Structure formats: C-alpha cells, structure tokens
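Work through the exercises below with the sequence and the 3D view open. Try each task before reading its solution.

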Amino acid sequence: MKKRVFSGIRATGRLHLGNYLGAVKGMLQLQNSHQYETIYCVVDVHTITTPYDKERLPQNKREIIVDYLAAGLDPDKSIIIYQSDVPEHTELAFYLSSQMSIARMQHLPTFKDKIKQHPQHSTMALLNYPILMAADILVYKAGLVPVGIDQEPHLEVARELARKMNQTYKTDFPEPVRFATKGEYVPSLKGEGKMSKSVEGSYINLTDPYETIEKKVRQIPTATAAGGKMTPGVETLFKYARLFIPDQLKSYQQAYDQGSLKFVELKDAVAQAIYADLKPFQAKRQQIANRPAYIDDVIRTGKLKAREIASATIKEVKEKMGLA
Ligand code: TRP
C-alpha cells in the first residue's frame with residue numbers, strides 16, 4: 001500500500017505567499033512523486049473555531065479549491081476535499097478526545113495565542129482544534145504532513161493520540177511526521193513574525209499584480225544605516241532574497257557589508273522574482289475560475305473517494321473501542 005499524505009488549509013480567505021511556499025509547494029512535490037496517495041483538504045470545520053463570517057464562508061472555501069487547482073493540485077493524482085463533506089473527521093475527533101487531557105490542550109502555544117487574539121471566544125471548539133486536526137490526518141492513516149513549521153506542536157499532539165489509541169485499543173495508526181520545504185517559514189513583510197492572513201500588511205496574495213507586490217516589498221522597514229547588526233526589517237529582506245533570488249544573494253550581501261547597497265534595488269529584484277513565480281499561477285487561476293462545473297465535479301469526486309477510506313477507519317475504530 002502507498003504511504004498516505006494529508007494536508008489542510010483553513011478557509012479564512014485566499015492563499016498567500018506563505019501558504020504557497022510553506023505548504024502548497026510541499027503538497028505538489030509529494031503529489032507528483034507518485035510514491036504517495038495524497039489527500040488535500042480545505043479545513044472548513046476548523047474555520048468555525050474562531051469568529052468567522054458565515055455569509056462569506058461558502059465563497060472563501062471555494063476560492064481555496066480554485067487556488068489549489070491553479071497551483072497544480074491535480075484531481076487525477078490527489079483527493080481534494082472539504083473537511084465538512086467527510087463527517088468521519090469530526091466523528092473520529094470525538095473518539096480521539098477520550099485520550100487527551102484538558103490541561104495538555106490548554107497549554108498549547110497555539111491555543112494561548114488564539115485566546116489572546118479573541119479573548120471573548122474561549123470555546124470548546126477552539127480547545128479541540130488540535131484533536132480535530134489529528135483526526136483529519138489519522139482518519140486516513142496518513143504518515144506524512146506537508147505543513148509549515150508552526151504546526152509542529154499540533155503534529156506532536158497527533159502523534160501522541162496515535163500512540164495512545166494504539167496502546168489502548170490496538171489500532172495501527174502511524175505517528176505522522178511533518179514534511180518540510182525550504183520555504184517553510186516566510187517572514188512577515190512587517191519585519192516581525194511570520195506572514196499571516198490575520199496580520200494586515202504582512203502578506204502578499206497569490207493574485208496580487210506586480211505593482212502591488214512591488215509596493216508591499218518596498219514597505220519592508222529597512223530605514224537604517226548600512227553595516228553593523230541587521231535590523232529585523234533588513235534581515236527579513238535578506239530572507240526573501242534567499243528564498244527568491246538565491247543566485248544573487250552573495251552580491252547583495254557584499255554590497256550591504258560595504259555599505260553600498262541600495263535597498264530599493266534589492267527590493268525590486270525580490271518583487272520581480274516573486275511575480276515571476278506567481279504569474280503562471282495567476283493565468284491558470286483565471287481559466288479554472290471560469291469552469292464552475294469542473295470545480296463542482298472535483299469536489300464531488302473527492303468526497304466520494306475520501307469517505308471510502310475514512311469510513312473504513314471509523315468502522316475499525318468503533319469495533320476496537322467496543323462501539324460496534
Ligand atoms: N492547523 C493547520 C494550519 O493552521 C490547518 C490544518 C487543519 C491542517 N487540519 C490539518 C494541516 C491537517 C495539516 C493537516 O495551518
């Protein structure tokens with residue numbers, strides 16, 4: 001049997017450059033290697049764990065499917081699904097929750113961060129976020145998960161749940177590991193933290209035209225004397241250079257060391273390279289968006305294939321837990 005791969009992206013708006021480099025490129029690499037069975041998901045149920053707009057969710061989650069297809073996910077090679085189309089995810093999450101303490105969930109850094117952002121929304125759904133994520137992966141017995149490095153604490157939880165289930169109920173869940181890509185950490189354009197949809201001014205959308213990308217990259221804060229210790233903004237700019245123009249990195253670094261670097265030149269070189277990477281994506285996205293029946297078909301087919309695998313896992317788990 002082929003090793004399975006699972007990954008998911010939340011439906012809180014369109015994909016940005018950070019998702020693209022941190023997750024989607026890894027997803028593509030695994031899909032195209034032919035050694036794996038790949039399942040890629042829009043995790044719409046996770047979206048409801050923090051405040052969201054119910055009027056916009058249907059459109060938002062569909063946009064991610066279109067982004068996936070435009071980026072090169074191929075329904076002939078990968079199963080592409082909405083999480084809420086496969087109720088086995090939430091069912092398994094409840095079974096898994098019997099193996100996890102409340103305290104362990106309350107102490108996760110991701111939980112604490114979200115509570116800080118939304119102090120009025122400390123809900124059970126949010127506390128259960130990592131358990132649902134573990135269920136997403138384990139319901140397919142997936143062993144490999146292409147996601148950004150910030151998700152490592154959640155994968156730790158998934159491994160722990162797999163181990164506990166295997167010990168307690170003699171199941172055979174693999175302990176899933178993260179598949180890392182070189183762009184796994186894309187810094188925020190603001191020079192602090194990572195690129196994130198929830199921080200305005202921190203991200204580049206995959207559909208941004210060149211002018212917007214140039215404007216955003218030029219806004220990376222680099223107002224500083226050359227030489228000496230790099231400011232966070234300058235460090236950020238060099239991280240982008242390493243990701244997008246690795247061949248030119250050395251000469252820009254030398255210019256910086258000599259105090260002769262013109263930041264705007266480096267910024268525009270980075271912006272041009274980012275745009276060159278995104279241009280084919282943007283063209284393909286336009287074509288796919290014009291084929292709604294095709295998109296519907298991808299979603300319908302994905303659901304059928306996914307439920308076949310997921311329902312077999314649920315059947316096994318129910319039997320082993322004495323529920324069936
Ligand atoms: N928590 C992930 C994120 O915010 C999204 C996610 C949910 C996920 N379920 C998953 C990622 C399963 C990988 C596998 O990026």
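**Exercise 1: the second largest pocket**

Val45, Ile48, Thr49, Thr90, Ala93, Phe94, Ser97, Ala125, Asn128, Tyr129, Ile131 and Leu132 line the second largest pocket. The model is predicted, with pLDDT of at least 70 required for local features and 80 or more for side-chain atom pairs, while totals for chains, interfaces and linings use all residues. Residues are numbered from 1 along each chain as its sequence is written, and side-chain values use heavy atoms, leaving out hydrogens and water.

Task: Find which elements give two or more residues to this lining, and sort the lining by class.

Solution.
Step 1. A pocket is an open set of points on a 1 Å grid over the protein atoms alone, where a 1.4 Å probe fits, with protein on both sides within 12 Å along at least five of seven lines; a lining residue has an atom within 4 Å of a point.
Step 2. The elements are α4 (88-97) and α8, where helices are DSSP runs of H or I with at least four residues and strands are E runs of at least two, numbered from the N terminus.
Step 3. With 4 residues, α4 supplies the largest share.
Step 4. The classes are 8 nonpolar, 4 polar and no charged; Ala, Val, Leu, Ile, Met, Phe, Trp, Tyr, Cys and Pro count as nonpolar, Asp, Glu, Lys and Arg as charged, and the others, Gly among them, as polar.

**Exercise 2: the ligand**

Task: Describe the shell around the ligand by element and by class, then list polar side-chain atoms beside its nitrogen atoms.

Solution.
Step 1. The surrounding residues include Phe6, His46, Tyr129, Asp136 and Gln151; near means a heavy atom within 4 Å.
Step 2. β1 (3-10) and α8 (129-138) each supply at least two shell residues, and α8 gives the largest share, 4 residues.
Step 3. The shell has 7 nonpolar, 4 polar and 1 charged residues.
Step 4. For polar contacts (pairs of N or O atoms within 3.5 Å; within protein, one must be able to donate a hydrogen and the other to accept it, and residues adjacent in sequence count only if both atoms are side-chain atoms), Tyr129 has a polar side-chain atom 2.7 Å from a ligand nitrogen. Asp136 also has one at 2.7 Å from a ligand nitrogen, and for Gln151 the distance is 2.8 Å.
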